[in-house]
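Please read the points below with the coordinates open beside you.

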Amino acid sequence: MKSGAIGRKDLFRRLLGGLWLRPESALWYSHMLYAARKFSAHRLPRPCLDFGCMDGLNSFLLMNGTTPEKFDIFDEVRIAKSDSCSGLVGNDYYDRIKVGTRWEVTRVRRKFDLGLVWKKSHMTKAGRFGAHKNLFLWKPGSPLRDIPSSSLGGVWAPNLYWMQDLSQILREFARVVRPQGRVVTIGPDASLSENMLARLCKGYDARWLQRLDRGRSENAKKGKTLEGWNRLFRRSGLQILRHERFLPPAVNLAYEIGLRPMFEALVEMRNLALREFPGKYLSFKRDWIRRLLHLSAPLLRDSSGASKGGQLWHIFELTPLPAKKLLGQGRISQSGNKKGRA
Amino acid sequence: MIITRKLFRSLLIPWWLRPERALWDAHAFAAIVRLTGKKIRRPCLEYGCTDGTYSFLLHGGELKFSYDDYCELNLKSVPFGCSRKDFFRQPKISPKQVIRKKAKFTIDLGVSWKPYHLKKAARLGLYKKLALCRLGNGVPSPKKHFATIWAPNLFWNRPERFAVVMRSLQKSLLANGRLILIVPDAAQKKYEFWDSHPSVPLHYRKELDRGIRQNLLQNAKSNQAWRAFFKRNGWRVSKHEKFLPPLVGWVYQIGLRPLFPNFLKIFMELRKRNYRAFLKMKKNWIQSMLKNLDPLCELPKKSGLHRLLWHAYEIRRDRP
């Protein structure tokens, strides 16, 4: 085991503590976080930015944090009567906060200096983990105005591929990261589209598919071959220092279906169980997690049925292109200002 | 596909924790309805009636919403994990009323291979008579007696026993009687879930699969091969339907089976503690399943018959 001595199984176990009703998400994240630790996303040169830290759980686990047994992200999920069975698109059940919630999480040794979030609820949630020194609300698509040029040592950007305009945000990374600084990010391969639920369910009701898909196929469309990503990075003033692929198709398949269609029903089950037998509740959750750990073991292996080349996602370590190269590409004017700078 | 949807809805009441199974059976039984229409001549035998639930619902019966297949399980017999053990083997079967609406049809004889099946089937008032019979053995009934035999589980027999059992069923049929059965097409092999994921270690595959792959594949043949097989054994095909889109087949092969014991333990506890809340949750659960799986009751657009994985046949004696 490399990756700073935390294996996928360990990451999966930690993720399941919070995400137990969505094991497919925990599985996906365990592969992603394992790849990120392998690329030292948890040991970036300071000051470092966590670009898109969401509710903070992934960032916290990346930094080797552990949560208590009672920790449960579904504790704050509320499904209103009007939501029930009304479809999954547009209802962000997680975008809610229970006032007064505190989790006795471990303190992490290393922290991100900055964390960018794009939902108010994420500010509060991520703040509880203590994996960021400062958190900022940011509007996706806008420039990173408050971050001076060449001021950061590193960026971890797990959600880059969600952005509408990839080259715009990559140019911003090239601007804010100092020469020889590092950007670690992930992106889908061009082959991901072929492995999406939408392909599997071709010919079925389009609205139903849209509901189950929740926009993921759109993200998959941003998939590129390694050459495609390389071209994009270079056009944006960055170059690849290191590259690997991760996520076997079998894990993707599990993720594509998983327990997502049953989410509302499972949350109701969880809430009722907690209300009706709080004393036994944790033992049921423990059994559930134990079962999932056992069932998912083959999917936590390195290849899980795919050669490295057949895996569906890329992870990159990038660095700003040296000024000379940028000049050659016409990215910097003679006066030294980067084009496209905000 | 209205009938598939209707059957799926009815099957979810007893099988709500195993929606993938309800979906598969809804497709199969809808094909049977298309094949047989409403006229089923008697006397009628169901060879492999298990606990009778399916035929009861197929013939217009309705179960009480509070009834499900789990309420009589002995939780101690439910192992942690997916062993091949039959969880349902030792239920505490009570004589309580489970019917909301009677079935519109009566089956003269129901035959199954587990005593508890017969006890449960007896409560439904669907069968005039029930009899125990070992899987793969002939029918305990007089010769040339039945006008219709419905055999939903013949494909569970090993290929070498298949023709033997069919011969025995033939003897029980009247000269112009018919046998209705479902069998897998050769395409089932092409769409076999585990075969397309060969890297999954064998012991995991065994644990998750619980022998289903063997049931699905051991008798898989093309329509042409089935017709040739029937002809060799003295039958002719009088009606034929195909059913089961590959996606439904895939959903069935995994579904909620791996987490079934965990669901069961939570829900049994809930049933014990707060019955009203439990029933409300079951109702919402079923609504959620209907909403999210409903489109799978349809055939995918542009799906040719060649892409459906199962056959339903009505066959008759070749030379009455």
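1. In chain A, seven strands make up an open sheet with mixed pairing, in the order β3-β2-β1-β4-β5-β7-β6, where two strands pair if DSSP finds at least two bridges between them, and where strands (E, at least two residues) and helices (H or I, at least four) are DSSP runs numbered from the N terminus. The edges are held by β3 (132–137) and β6 (238–246) of chain A, each with a single partner strand, so one side of each has no neighbour in the sheet.

2. This is a predicted model, in which local features need pLDDT of at least 70 and side-chain atom pairs count only at pLDDT 80 or more, while totals for chains, interfaces and linings use all residues. Residues are numbered from 1 along each chain as its sequence is written, and chains are lettered from A and ligands numbered from 1 in the order in which they are written.

3. Strands β5 (residues 177–188) and β7 (residues 313–320) of chain A pair in the antiparallel sense over six bridges, and A:Gly187 has A:His314 in β7(A) as its bridge partner.

4. Helix α5 (residues 166–176) of chain A packs on the sheet and touches β4, β5, β6 and β7 of chain A, its direction making about 150° with that of β5(A); axes are lines fitted to C-alpha atoms, for helices over the stretch in contact, and angles run from 0 to 180 degrees between N-to-C directions.

5. The contact between the chains takes 29 residues from chain A and 29 residues from chain B, two residues being in contact if their C-beta atoms, placed from the backbone, lie within 7 Å. On the side of chain A that touches chain B, the largest share, seven residues, comes from α11(A).
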